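Here is a friendly walk through one model, written for someone who likes to know the cut-offs behind each term. Please have the viewer open as you read.

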Amino acid sequence: MKEEQSKPAPEYLLGSPEQQSWMKKYFFSPRGLGFLEPGIVGLDDAKMSAYNVAKSSYQIRPDVFNMNYLSKTVGLGKEEIIQRMQRMYEQRTIVFVMNPAVSVYGWGLYYWMVKLNENTPPEAKAELSEWFQNKDDICTGYECQGDFDFYNGNHMRVIDNLLYDVLEPWKNRPEVKYVHLCPIRRDLRESHVNQFDCPGDGYREVLWGPGQIEKLAQVQDKLDLPDLKIIQALNAKRPMEDFFDFKVLAEVSGLDEKAMLDGIKELVEVKRIIVPLFHLNFMKLNLTNRMFVIRLFQNIPCCRKAEISDELSAIKEFNTVKEFSDSFYDIILWAYNEITDIPALRAKLNSYSEIEEIKEADMTRMYRRWVCRLDDQNGYWEECVFTDDFLQDRTQPGGPECTIRKGAK
Amino acid sequence: MKIDAPRKYVIDNLKHFLNPSSIAVVGASRYPAKVGYKVIQGLKDWGYRGEIYPVNPRADKVHGLTAYKTITDIPGPVDLVFVAVPAHLVKMTLEHAVAKKAKIVVIATSAFKEIGRGDLQDRLTQYCRDNKLPLFGPNLVGMGSPYLNFNCGFIPYLPIKGPVAMISQSGANLLAALGNSTTMHFGMSFFVGLGNKADVDFSELIEYGNTDPHTKSLAIYIEGLDSPTAFVKACTSVVPNKPIVVIKVGGSEIGVKAAFAHTASENEGTSDAFYDQLFEQCGVIRATTFQEFLDISLALGLQPELKGDCVAMITNGGGSGLLSCDHFERLGQPMQELSSISPDLGLRIRTYMPMFGSPLNPVDISGTASPVHYKGALRQAMRDPNVDMVYCSICPTAVTDVPGVVDVAIEMYEAYKPLGKPFVMECQGGAECLEAIIRLRNHGIPAYATPEQAVNAIVALRKYSKIKEKFSKKK
């Protein structure tokens with residue numbers, strides 16, 4: 001733990017060879033937020049077909065995933081795997097999603113943390129919670145307990161739209177102590193799966209801490225070890241041929257098998273702009289996620305900040321790792337309380353002399369993730385509500401809006 | 001896909017299309033702004049009384065109704081399957097519909113032939129044909145009937161009850177007609193959006209319209225005819241009983257491409273002249289503008305055919321009379337002077353006009369005409385055995401009692417309806433004329449806001465009479 005505390009400043013200087021080599025280390029070079037790149041495809045593009053067919057049918061046809069590969073990997077019969085996946089879905093313990101590299105799609109991914117004043121009446125928090133739950137523009141959101149009360153996120157093209165439309169309606173309420181914007185600069189890991197901005201060649205590696213999966217199988221009664229192995233195998237870094245069964249996808253959809261394979265391979269493996277993955281509904285498994293929100297001293301250069309993010313992302317117990325930009329805070333890390341040595345993680349974080357402050361909170365309610373509603377209690381499990389602010393100026397009252405937003409009012 | 005003639009199993013199953021006892025809505029959504037939600041909302045709001053089964057594997061309940069994972073999980077029988085899922089799920093849905101022995105499937109989903117997936121569309125169509133499951137769509141907006149309180153699709157209006165069956169490839173133009181129905185009282189018997197019409201074709205709905213007791217005329221919006229032989233067969237058998245009006249679009253150079261991109265309609269190698277000839281061959285009346293399409297189908301639905309060329313026009317405005325007689329002539333059906341229609345009619349009508357009025361034809365009873373004058377002139381014209389029809393126009397002046405004239409027109413129409421002569425009205429002016437048009441239409445009188453519209457309608461009534469005569473003889 002000591003070596004981090006005394007780590008010397010890097011040799012990195014603008015224009016130096018070290019800077020150039022640092023730049024090469026990152027799949028996505030540093031860029032602005034909401035950077036629209038040529039080569040992206042719409043979510044209904046033919047290249048997305050394999051994902052779209054599977055996303056729309058896995059609820060009743062789990063065999064859209066490659067049962068030969070799964071059977072070989074987890075050592076269970078195909079029929080048993082199908083039944084297990086069906087049960088896991090019906091228990092609402094798993095959901096199949098796709099994480100897009102939002103920054104290259106032209107959105108900024110803006111998370112924001114909300115802290116309420118001490119002694120805020122529970123009904124005031126509940127009212128805000130309902131507002132966040134029903135605000136379709138919030139694509140990811142959680143109610144929390146601890147150093148802050150809510151952690152939500154939006155993908156938006158124009159930051160003014162976020163400020164005016166999503167934050168303004170409530171941020172000046174007397175019970176709100178602060179709202180801190182945390183725009184994402186690098187997405188390193190989501191739901192145990194390494195993402196586009198992870199260091200080295202770790203893209204799409206699936207990570208769990210030693211013994212975590214076995215422990216998870218013990219602390220709850222919905223998923224057993226073989227179930228978890230199936231999910232682990234699905235999320236594993238394998239070519240798309242192992243992920244989907246393209247024959248079944250073609251059988252379900254009538255679309256061309258090869259075209260679907262070529263399309264999804266290009267997006268996931270070559271362009272690296274989407275990562276399909278299975279997300280565990282940790283709340284259904286009676287797990288709580290601990291969030292560590294880290295603030296570095298402001299004189300820490302960004303190259304070092306990136307290094308720290310990379311170092312922390314090497315800790316497999318963190319199921320989610322993201323780096324912020326232009327914010328009071330710099331890094332967020334998640335780990336499950338029930339299957340992780342949280343004090344050890346905290347001690348590790350505290351060993352960094354560059355860290356000025358760590359805020360901690362546990363998630364107690366989830367609203368949405370990846371634009372997908374997770375509030376089963378309201379009857380909206382996996383209802384995907386995709387809204388964004390494309391072509392909209394929400395600073396102007398009465399301006400044109402997308403239909404879903406209008407319908408929701 | 002092409003058919004050579006209307007298919008019996010399709011026509012037999014069409015009774016489930018507008019009057020199903022149960023509907024599975026595949027892709028039923030819990031979110032109010034999504035199509036899959038609107039379909040169920042529309043069914044409920046407009047008074048559908050059959051069973052509704054939402055199908056959505058992610059939901060337990062939709063609209064307060066139990067949701068099913070697939071069609072095959074539904075406990076009861078399913079007459080109609082309405083599909084509002086993405087294109088990539090349609091194949092599986094059709095397989096489930098066949099397994100469930102559904103009677104009809106309606107696919108609202110887009111993204112088939114119109115975006116280059118013709119092969120997929122054809123394969124799905126063939127699958128339905130192999131299993132004798134009539135398929136509507138894909139890429140359609142919905143269908144319904146005001147007589148059955150049935151509005152199935154994402155359609156914000158239910159038209160008022162009336163005589164016109166509207167069959168449209170275009171959802172947008174169908175919606176325009178439906179909107180017109182609610183505001184202008186264009187009455188419909190049923191309406192159908194056909195979209196890409198991969199399987200069920202115009203011809204089968206034309207046959208269905210022939211058997212529907214509420215349908216008196218058929219209005220058909222065409223972007224492309226895949227099965228002209230079947231179309232001709234169906235029209236030929238129907239026109240002796242009921243008039244058919246078509247509007248055929250996509251004939252311009254860029255329109256050919258636009259029609260393909262819209263509803264995958266193929267017009268390459270055809271010309272407007274080809275369609276003129278085809279429509280002539282099968283006895284349908286072709287409209288050139290959408291307004292004319294609506295106007296003449298309404299007149300043909302409400303009124304009997306015009307059996308002769310002797311049209312008497314009663315107006316209080318010389319201007320509307322002039323616009324009318326010029327337009328009649330342009331359309332090849334010139335008006336005749338009243339004296340040549342019936343030598344004494346002019347004299348008799350003179351009693352109901354001031355000395356500066358004109359009994360020529362148009363009969364100008366002048367701007368000072370009161371309901372009493374209208375009543376007398378209309379009665380004389382209607383009663384005259386040499387007059388084949390009466391065309392009445394109101395041009396409000398400061399002294400015109402428009403509601404009073406409308407009362408008189410309705411009274412005279414009702415009184416002389418047994419004579420079987422058509423009666424058409426034109427009311428040009430402000431809000432009082434709009435109200436007059438709506439009241440007249442509510443009483444079964446085709447009424448229009450301009451002389452040209454009225455004349456188009458009258459000429460169509462005459463055309464239909466000739467068509468009927470010709471095709472009845474053939475039959």
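Between chain A and chain B there are 17 residue pairs in polar contact, with both partners at pLDDT 80 or more. A polar contact here is a pair of N or O atoms within 3.5 Å; within protein, one must be able to donate a hydrogen and the other to accept it, and residues adjacent in sequence count only if both atoms are side-chain atoms. Helix H3 (49–57), helix H5 (78–90), helix H11 (246–253) and helix H15 (403–408) of chain A each supply at least two residues of the side that touches chain B. H3(A) gives the most to that side, with 6 residues. Helices (H or I, at least four residues) and strands (E, at least two) are DSSP runs, numbered from the N terminus.

A word on the ground rules: this is a predicted model, in which local features need pLDDT of at least 70 and side-chain atom pairs count only at pLDDT 80 or more, while totals for chains, interfaces and linings use all residues. Residues are numbered from 1 along each chain as its sequence is written, chains are lettered from A and ligands numbered from 1 in the order in which they are written, and side-chain values use heavy atoms, with hydrogens and water left out.

Back at the interface, 31 residues of chain A are in contact (heavy atoms within 4.5 Å) with 20 residues of chain B. The two chains bury about 2200 Å² between them, 54% of it on carbon and sulfur atoms. In chain A, Ser56(A), Ile60(A) and Glu383(A) lose the most area to chain B, together 23% of what that side buries. Buried area is the accessible area (1.4 Å probe) that two parts lose on being put together, summed over both. The rule also finds 4 salt bridges across this interface (a side-chain nitrogen of Lys or Arg within 4 Å of a carboxyl oxygen of Asp or Glu). One of them joins the side chains of Arg58(B) and Glu382(A), at 3.5 Å from N to O.

Within chain B, Arg286(B) sits in strand S14 (residues 285–287). Is Arg286(B) buried or exposed? With a relative accessible area of 16%, Arg286(B) is buried, because buried means under 20%, exposed over 50% and partly exposed in between (1.4 Å probe, protein chains only). The side chain of Arg286(B) makes polar contacts with the side chains of Asp272(B), at 3.1 Å, and Asp276(B), at 2.9 Å. Beyond neighbours within four places in sequence, its contacts include Tyr275(B), Phe279(B) and Glu292(B).

Now to some backbone angles. Most residues other than glycine have a negative phi, and most peptide bonds are trans. Here are some exceptions.

| Site | Feature | Angle |
|---|---|---|
| Gly137(B) and Pro138(B) | cis peptide bond | omega about -5° |
| Asn361(B) and Pro362(B) | cis peptide bond | omega about 5° |
| Ser191(A) | positive phi | phi about 50° |
| Asn149(B) | positive phi | phi about 50° |

Pro138(B) is in the loop between strand S7 (135–136) and strand S8 (142–145) of chain B. Ser191(A), in the loop between strand S5 (176–190) and strand S6 (193–194) of chain A, is buried at a relative accessible area of 4%. Asn149(B), in the loop between S8 and strand S9 (150–153) of chain B, is partly exposed at 27% relative accessible area.
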